[in-house]
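Student: I have just opened this protein and would like to get to know it. Please guide me through it, one question at a time.

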Amino acid sequence: VSRQIRHIRDESVALCSCIEVAIDFSDQEIELISAEEIAGRLKTIEKNISALLFQSETSRISSEGIDTVFYGIPNVGKSSLINALMGKKRLLVSEIPGTTRDVITDSLHARGIHFKLTDTAGMDDSWGTVISWAREKTRMALKSAHIVVLVFDGSINIGKQFKEMELKDVPGKIIVVINKCDLQQKSFLFELPEMLKKYPLVHTSSMTGEGLERLKEMLLESVLGGKINLTSCRTLFNTRQREALQRSLLSIQQAQLSTQNNESYE
């Protein structure tokens, strides 16, 4: 970061020097630097400052990762969906309902953004010490999530699945996924509960790959569109440094406007 800032400062000082020399020799009828060159160099400096400010925002996104929790009842295909998104088999997949009995986390990188994908134990009516412990870890993961991906099996009744899920006090941004869309379904199974209709929806298939790219886009939109709370993430700059960069950007933009208006080099 220091190198980037020094480069921006050096470019700015060099441009100022050229303009000042042009002012000193303005009575010599020699064009030492044209308005077009000034505009071009200002554009480059503006681009570099903007990139640094954007890097500041994405750094707090990527330094620790976006907590993305996949949640649903047992055997809706959460593990398979995460495997398909990552393009590799990392999580245990089985035909036995409720195979996942712990919170399993892996990483997905998309456009420089780090998503921590968490596969949770399906919340059902099973009982026992291990199951209760897994359910508590799932609840904790949901409470700390930036994004919660609600996964439903599209081949069975969605309303019934929804009733079995615990969705109290889920603070994260919610995305609804209807998985297994490659299987034959009856129309009534697709009827979404009213509460879910307000959330973004995507149909996916871990087997065919349908909807996976759209799901990635929705994850990115949630982050880059400012739809999730990132106040708990670390940032690249402190407030004073970020404001200094923003003032610098404003000054460059004002200089660009002066150039466009053919104002004098002073």
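Predicted model: local features only at pLDDT ≥ 70, side-chain atom pairs only at ≥ 80, totals over all residues.

**Getting to know the protein**

Student: Where does the lining of the largest pocket come from, and which residues lie nearest its centre?

Tutor: The lining is made of 30 residues. Two or more of them come from each of helix H1 (2-24), helix H2 (35-62) and helix H7 (239-260). Nearest the centre of the pocket lie Cys 16, Leu 42, Ser 251, Ile 252 and Ala 255.

Student: How many helices and strands does the protein have, and in what pattern?

Tutor: Both kinds are DSSP runs numbered from the N terminus, helices (H or I) of at least four residues and strands (E) of at least two. There are seven helices and six strands. Along the sequence, they follow the pattern α-α-β-α-β-β-α-β-α-β-β-α-α.

Student: What share of the residues is buried?

Tutor: Buried means under 20% relative accessible area, exposed over 50%, and partly exposed in between, with a 1.4 Å probe on protein chains only. Across the 266 residues of the protein, the buried share is 41%.

Student: What share of the contacts joins residues at least 24 apart?

Tutor: Contact means heavy atoms within 4.5 Å. Counting pairs at least 6 apart in sequence, the share that joins residues at least 24 apart is 72%.

Student: What span should H1 have, and which of its residues are buried?

Tutor: The expected span is 1.5 Å times one less than the number of residues, so the 23 residues of H1 should span 33 Å, and the end C-alpha atoms, 33 Å apart, agree with that. An α-helix has 3.6 residues a turn, so residues three or four places apart point the same way. The buried residues of H1 are Ile 8, Leu 15, Ile 19 and Ala 22.

Student: What about helix H6: how far apart are its end C-alpha atoms?

Tutor: Helix H6 covers residues 212-224, and its buried residues include Leu 215, Leu 219 and Val 223. Because each of its 13 residues counts at 1.5 Å, the span should be 18 Å, and the distance between the end C-alpha atoms agrees: 18 Å.

Student: Is Ser 222 buried or exposed, and what does Ser 222 contact?

Tutor: Ser 222 sits in helix H6, and its relative accessibility is 2%, so Ser 222 counts as buried. Leaving aside neighbours within four places in sequence, its contacts are Ile 147, Lys 173, Ile 175, Lys 227 and Ile 228.

Student: Why does Asn 179 count as buried, and which residues does Asn 179 touch?

Tutor: Asn 179 belongs to strand E5 (residues 173-179). It counts as buried because its relative accessibility is 1%. Beyond residues up to four places away in sequence, Asn 179 touches Val 76, Gly 77, Leu 81, Val 151, Phe 152, Asp 153, Gly 154, Thr 204, Ser 205 and Ser 206.

Student: How far is Ser 50 from Gln 246 in space?

Tutor: Ser 50 lies in helix H2 and is partly exposed because its relative accessible area is 31%. Ser 50 and Gln 246 are 196 residues apart in sequence, but from C-alpha to C-alpha the distance in space is 8.6 Å.

Student: And what separates His 146 from Val 170?

Tutor: His 146 is in the loop between helix H4 (129-144) and strand E4 (147-153), and with 10% relative accessibility it counts as buried. Val 170 is 24 residues away along the chain, and the separation of the two C-alpha atoms is 9.6 Å.

Student: Where is Asn 262, and what is its phi?

Tutor: Asn 262 lies in the segment after H7 and is exposed, with a relative accessible area of 68%. Its phi is positive although the residue is not glycine, with a value near 55 degrees.

How values were computed
Residues numbered from 1 in each chain as written. Heavy atoms only, no water. 1 Å grid on protein atoms, 1.4 Å probe; cavity = no way out; pocket = protein on both sides within 12 Å on 5 of 7 lines; lining within 4 Å.
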